[in-house]
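Subject: Two-chain model for your records

Hello,

Here is the structure I said I would pass on. Please look it over, and read my notes below alongside it.

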Amino acid sequence: MPGEALGALEGIRVLDLSRLAPGPYGSMLLGDMGAEVILVEEAGRPSGRRAGRQRPDVRGDNETAEGRRRTAYNAFGRNKRSIRINLKSTEGRELFYRLVDDADVVLEGYRPGVSERLGVDYATLSARNPRLVYCSISGYGQDGPYRDMVGHDINYIAMAGALGMIGRKGTPPAIPVNVIADYAGGGLMAAFAITVALLAREETGRGQYVDMAMTEGVMSLITGLASTFFADGAAIAPEEHRLNGGWAYYNVYETADGKWLSIGSVEPWFFARLCEILGRPEYGAHQYSTDAALRNEMAAYFRAQFKTKTRDAWFQTLFDEDICVAPVYSLSEAFADSHNRERGMVVELEAPGVGAVKQVGVAPKFSETPGRVRHTAPYPGQDTDAILGSLGVEASVIADLRAREVVA
Amino acid sequence: MSSDCPLALTGIRVLDLSRLTPGPYGSMLLGDMGADVIMVEEAGRPSGRRAGRKLQATVRGDDYSEEGRRQAAYYALGRNKRSIRINLKSAAGQEVFYRLAAGADVVLEGFRPGVARRLGVDYATLSARNPRLVYCSLSGYGQTGPYTQLVGHDINYVSIGGALGMIGRQGRPPAIPMNTIADYAGGGLMAAFAICVALLARRRTGRGQYIDLAMSDGVLSLLTGIGALHFSEGLELEPESHRMNGGEAYYNTYETADGKWISIGSVEPWFFARLCEILGRPAYAEVQYDAAKREEIKGYLRERFKTKTRAEWFALLQEEDVCVAPVYTLEEAFADPHARARGMVAELSAAGIGMVRQVGVGPKLSETPGQVRAPAPLPGQHTDELLRECGYEAETIAAYRAEEVVA
């Protein structure tokens, strides 16, 4: 990746008002691709029920070694700048409006209605800058009966019908961390929708509003399963479907060392080869058998066979055999894996005062305008002076604004 | 969403060579937003090990029988698309494809690395003819690296990506999150995003480019936040051990009196406090993060939630700030009034079949809303139309059909 290559989204300026995971991941994806992302963070003391609360997974400040360390590792904030503005003050809001005049995208993740209250809603901002693409990420969207309902990833995937399909028989549904709603149906889907709106703007000359509900992002991510449901009315219970562990050919198996191996031999020719290797070629013809006794027999045989070698020995054996196989990795194994390393999925960068830190890399590899991790996250307000300076605000005025906690 | 609204990606033409799920989902997302997506499908008889074999996986109907038409109508991944069948192994077929590529903005393919080159439809060949082309290869492990030739499916990509090992309940095998994380999110959706990014870059550079997208890389990207905790704190995530995967009482699923499940996501202390109050144990709010109290609180919540049905709990808690939702079946999810009100069930009319339902469009754009305009085509439904658009005469088309260059 040549350092001088321009990013794909060079010249696109994003103002990010969002917090937590979904929005920041979406704007990180844009930032990796070269967009100039400015985090607009709170100034003034936190009030109400949020006062005094600190979360271990958010960025720290520049005051302590621990704060600097957390900031350096916070991948969501990388490639971004930060300004702290008190949006509840008239002057603060006015400064935000001036930033909006030069922005291409505003991203926010408040509960519906809050951006109006703060005066940073789409109607207000697009009146000033009609080319603005404005994306609201929320759990359930800006209208409909659940608009005001609070929630988190677990609730959105529950409501969308995804969580109910995930699990093993006789156990509670298994929670797929916060990947499906927060990151995929939320942040990534928002980043996609924003680029779509930016492309539309090239033709129409105007921005628009994007109402991104994470629950709906999740529903989109089960489009294929839904097709089968709409066509045949088939319900999907945990461990009863070919994609959630109901069949021997697409499942995980414990190995001799107590680790797990995943087998995804969907294609009949792959499955036939697997049965051959495992010493039961006759099973090859019964891949999709609905005979419960035979299915149980095959599953039990597979379980017993995979227990005879370690996970990595199986991976080695099956790797060259055109079997869809992979080790079920822990996080440390995934990030240490030679393939993932060679693909640049672990990046190392230098954080001032902290040293070298590792982060997850950039997934899509572009030939001409590759995505890059250019620098670690800013401290809250790290770029306040520089950004205000670029708006033409004099140093003495900035000092006064700081003194009155309009900015920080 | 009226059909006379302009569409965001009008004028963008996508040639989709991909099969199965990830690629078609990516191009469906582009098609919903108005791109002209052309599925380029096989003509000529299947050969080798694939001959005469049909995967059990849901695919759309490949014939014009009533069942074939019905399957196509419900096959949402093919909606808004056109279909041409070309035998890319014939020189004439390749030439047809080159003519299509000359007028295209995007080519998407999901072959095993190396196959596109063998077929003569690789990036180098096509970009020499059309330098504005954005070309995305979507594969399991990417075009480089030790696993590039390793075959796989979603379950394997989430394994290598470190996601599957975190999902499950203690003492049981990892629970497979369907094919949402690699096929749909890290694959198709990530590809659609990357393609739009490259199209935006083209406005400035005047040139297209090549995108190498590995689903296993996409999965790792989706773990960026968890990865940050791993890199900074050495976090490992055993199933059911962490607040995000069922280790804590305040973020978990609970069985209700009717054997259904309800999800509770009371991460914020003020939400958890309210929940504890409603459940009759306000004191638990003080020990939300206390590891020593974890099992006791879980046990209490398990018992309490067993005392009412899921619907009763949801009715009771939805007005409260606690973060609650019913764990729905697919049927319940698509019948829910909110999902309906938000257009997440699209209804469209399929010729000879009648009204069919499909998942709607996720992101809602105000000026150029995405639309479900037409059900999936049958394979080769638009072959003649597209050949004519490329300037082929009727007699050439007939000859190509006779020679099985197209179908």
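Two strands are taken to pair if DSSP finds at least two bridges between them. Helices (H or I, at least four residues) and strands (E, at least two) are DSSP runs, numbered from the N terminus.

The model is predicted: local features need pLDDT of at least 70, side-chain atom pairs count only at pLDDT 80 or more, and totals for chains, interfaces and linings use all residues. Residues are numbered from 1 along each chain as its sequence is written, while chains are lettered from A and ligands numbered from 1 in the order in which they are written.

Strands in chain A

β5(A) and β6(A) pair in parallel through 5 bridges, with S136(A) opposite D211(A) of β6(A). Strand β4 (residues 105–108) of chain A is also parallel to β5(A), and 4 bridges join them. There E108(A) has S136(A) as its bridge partner in β5(A).

Between the chains

Strand β6 (residues 209–213) of chain A also reaches across to chain B: 2 bridges join this strand to β12 (residues 364–365) of chain B, and the two run antiparallel. D211(A) stands opposite K364(B) there.

In total, 133 residues of chain A are in contact with 135 residues of chain B; contact means that the C-beta atoms, placed from the backbone, lie within 7 Å. On the chain B side, helix α7 (residues 180–205) of chain B gives the largest share, 17 residues. That side holds 80 nonpolar, 38 polar and 17 charged residues. Here Ala, Val, Leu, Ile, Met, Phe, Trp, Tyr, Cys and Pro count as nonpolar, Asp, Glu, Lys and Arg as charged, and the others, Gly among them, as polar.

Helix α2 (residues 65–73) of chain A has R68(A), R70(A), T71(A), A72(A) and Y73(A) as its buried residues. Their cover includes α9 (224–233) of chain B, along with β10 (346–351) and β11 (355–360) of chain A.

Strands in chain B

Strand β2 (residues 36–42) of chain B is largely enclosed by the rest of the structure, because 6 of its 7 residues are buried. Strand β1 (residues 13–16) of chain B runs parallel to β2(B), joined by 4 bridges, and R13(B) has D36(B) as its partner in β2(B). With helix α1 (residues 22–32) of chain B, β1(B) and β2(B) form a right-handed β-α-β unit; right-handed means that, with the strands pointing away from the viewer, the path from the first strand over the helix to the second runs clockwise. β2(B) also pairs in parallel with strand β3 (residues 81–86) of chain B over 6 bridges, where I38(B) is opposite R82(B).

Chain totals

Chain A has 16 helices and 12 strands, and 56% of its 408 residues are buried. Chain B has 16 helices and 12 strands, and 56% of its 407 residues are buried.

Regards

Conventions. Contact = placed C-beta atoms within 7 Å. Buried ≥ 20, exposed ≤ 12 C-beta atoms within 10 Å, placed from the backbone.
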